[in-house]
Amino acid sequence: MADAEMAKRAVGFAAVDRYVTSGTCIGLGSGTTAYWAIERVGERVRAGEPIVAVATSSTTERLCRERGIPLIPFGERELAVAIDGADEVAADWSLTKGGGGALFREKAIALATRMFVVIVTPEKLVERLGAFRTPVEVVPFSVRWVEREIRTRFGVEALPRGGDTPFVTDNGNLLLDCSFGSIRDPVALDAQLREIHGVVATGLFSGLTDVVLVNGSDGGVESLAPRGDARPAVP
Ligand code: 5RP
């Protein structure tokens with residue numbers, strides 16, 4: 001296995017081993033890092049542990065089914081913990097998410113869970129969000145108008161994901177990837193974007209992260225210490 005994949009596997013497995021307890025309902029994220037958390041949960045379920053999950057995307061649903069992880073609809077039970085990757089983690093633990101297009105369900109689950117554990121490899125750690133384009137989910141009817149509004153209000157590029165073959169989210173919506181550059185206040189930007197009629201959700205996640213797990217230089221997995229306005233870890 002390549003080193004990069006080994007690093008994702010290490011954080012994914014560590015998150016499940018440290019934070020998932022038997023008998024609980026958990027949220028499972030999307031992407032190549034969350035893949036390894038799903039893999040680990042599958043191993044524990046097949047070993048007989050009663051764990052049920054809510055999936056953040058249709059891809060994660062399929063991976064769970066293939067591994068025998070029982071799924072329940074979102075909202076049916078309290079979520080003890082949710083584990084997900086991120087595209088960027090800022091010093092204040094705000095996140096950019098949605099590189100895989102699952103931002104709406106990922107945010108729904110991050111908002112609802114008692115503990116939100118973010119798993120990343122070190123290159124995802126940044127001082128401020130924004131080098132990665134911010135995904136914005138938009139209802140299809142409004143996409144051209146929202147694209148223009150974002151350009152006019154913020155003076156930035158809003159690129160429809162997929163170009164001529166639009167990427168359609170699990171909710172039947174479209175995505176605009178916006179180049180805001182260095183984002184000073186992700187809370188304010190998220191609110192301003194959601195004020196535009198037609199915007200469903202943004203990939204800016206603030207005040208939701210409880211734990212950040214990242215690969216350490218010694219090959220182990222470290223729990224990052226909170227900085228700035230980061231929400232302190234739930235014990
Ligand atoms: C999907 C996401 C993913 O968590 C994010 O894109 C990170 O993915 P990966 O672990 O593959 O780098 O937000 O919508």
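How many helices and strands does the protein have? Hi everyone, let me start there: there are six helices and 13 strands. Please keep in mind that what you see is a predicted model.

Now the overall build. The radius of gyration comes out at 17 Å, close to the 18 Å that the globule rule gives for 235 residues, so the protein is as compact as a globular protein of that length. If you like to think in boxes, the C-alpha atoms fill one of roughly 55 × 35 × 35 Å along the principal axes. Of the 235 residues, 51% are buried.

The largest pocket holds about 400 Å³ of space. Its lining counts 27 residues, and the closest to the centre are Ser 30, Gly 31, Thr 32, Gly 100 and Glu 106. Which elements give two or more residues to that lining? Those are helix H2, residues 34-46, and helix H3, residues 58-67. H3 provides the largest share, with four residues.

One last point on where the lining comes from. Domain 1 (3-126 + 207-223) and domain 2 (134-203) each supply at least three residues to the lining of the largest pocket.

Note on methods: Residues are numbered from 1 along each chain as its sequence is written. This is a predicted model: local features need pLDDT of at least 70, side-chain atom pairs count only at pLDDT 80 or more; totals for chains, interfaces and linings use all residues. Side-chain values use heavy atoms; hydrogens and water are left out. On a 1 Å grid over the protein atoms alone, a cavity is a set of points where a 1.4 Å probe fits but cannot get out, and a pocket is an open set with protein on both sides within 12 Å along at least five of seven lines; lining residues have an atom within 4 Å of a point. Grid points are joined across faces, edges and corners, and a volume is the space filled by probe spheres set on the points. Domain bounds come from an automatic or database domain assignment. The radius of gyration is taken over C-alpha atoms; the globule rule is 2.2 Å times the number of residues to the power 0.38. Buried means under 20% relative accessible area, exposed over 50%, partly exposed in between (1.4 Å probe, protein chains only).
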